Amino acid sequence: MSPERFDIYDDQQHWIGTAPRSEVHAKGYWHRSFHCWIVRDEGEQRQVLFQRRRDVKDTFPGCYDITAAGHLTAGEQLQDASRELEEELGVHVSFDALTYLFTATQQLQGEVRGVPFVDREFSAVYGLCLNQPLEAYVLQPSEVDSLYEVPLDDLMALFRSEIDVIQATGVQTQPSSDHAAYKPERIVREIRATEFVPHGTAYYTDVLEALYHLPKD
């Protein structure tokens with residue numbers, strides 16, 4: 001199986017070629033990604049959903065992150081990358097159902113299992129209001145450890161350093177492929193801002209502010 005390849009760019013978003021995923025992260029080439037944040041309305045209160053990344057991920061394993069996200073592979077357009085919603089969460093929606101929020105320019109770095117990485121992305125950020133319970137999502141075992149929701153007000157307060165911890169309700173990846181027979185049990189976790197992927201405080205607060213204005217489902 002050939003390695004996954006990404007289109008790579010200069011810092012002005014001019015295309016300069018393609019490279020394997022491992023090389024892109026090893027050398028810090030600019031590439032493109034898709035982010036989608038899902039919210040759910042419960043009366044007058046809006047909930048925001050986020051996932052916990054699997055411990056085997058090659059960047060930021062075990063961290064809390066965007067509801068669904070992924071890199072654009074070579075030749076892909078944003079409309080194609082919205083497949084991440086179906087792959088990671090089992091959500092079948094058209095690209096036209098998503099609301100564009102903004103594009104973020106991010107430079108993240110770290111080290112996983114002794115291997116350093118530099119992740120430079122132009123990230124197109126979208127929102128989706130989807131009023132279904134956590135148990136309705138089908139989580140991708142290879143990518144998503146668990147899925148959580150918390151009041152949008154609480155998550156904003158966390159990233160504004162107004163509170164130190166939030167209490168989030170979640171469900172974990174089903175233990176077998178027989179999803180029809182699996183009855184997910186709700187779990188509750190106390191989560192701190194430092195446990196999220198370090199996209200930066202401005203990224204999170206900008207996203208959350210935009211989600212307040214996302215049209216209802």
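Let me start with two helices. Helix H4, residues 152–159, packs with helix H5, residues 201–212, at an angle of about 155°, and their axes are 10 Å apart. Angles over 145 degrees count as roughly antiparallel, so H4 is roughly antiparallel to H5. Their crossing is left-handed. Keep in mind throughout that this is a predicted model.

Which residues make this contact? On the H4 side they are Leu 152, Asp 153, Leu 155, Met 156 and Phe 159. On the H5 side they are Thr 201, Tyr 204, Thr 205, Leu 208, Glu 209, Leu 211 and Tyr 212. Sorted by kind, the residues of this contact divide into 8 nonpolar, 2 polar and 2 charged.

Next, the cores. In soluble globular proteins, nonpolar side chains tend to be buried together. Here, the largest nonpolar core has 35 residues. The members that touch the most other members are Trp 37, Val 48, Phe 50, Leu 155, Phe 196, Tyr 203 and Leu 211.

Ala 81 lies in helix H2, residues 78–81. Is Ala 81 buried or exposed? Its relative accessibility is 0%, so Ala 81 counts as buried. Leaving out residues up to four places away in sequence, Ala 81 touches Phe 34, Leu 72 and Glu 76. Ser 146 is 65 residues from Ala 81 along the chain, and the C-alpha atoms of the two are separated by 21 Å.

Technical notes:
Residues numbered from 1 in each chain as written. Predicted model: local features only at pLDDT ≥ 70, side-chain atom pairs only at ≥ 80, totals over all residues. Heavy atoms only, no water. Axes fitted to C-alpha atoms, helices over the stretch in contact; angles between N-to-C directions. Helix = DSSP H or I, 4+ residues; strand = E, 2+ residues; numbered from the N terminus. Parallel < 35°, antiparallel > 145°, perpendicular 65-115°, else oblique. Left-handed = near helix turned anticlockwise from the far one by under 90°. Contact = heavy atoms within 4.5 Å. Nonpolar A, V, L, I, M, F, W, Y, C, P; charged D, E, K, R; others polar. Buried < 20%, exposed > 50% of the residue type's maximum accessible area, 1.4 Å probe, protein only. Core = buried A, V, L, I, M, F, W, Y, C linked by side-chain atoms within 4.5 Å.
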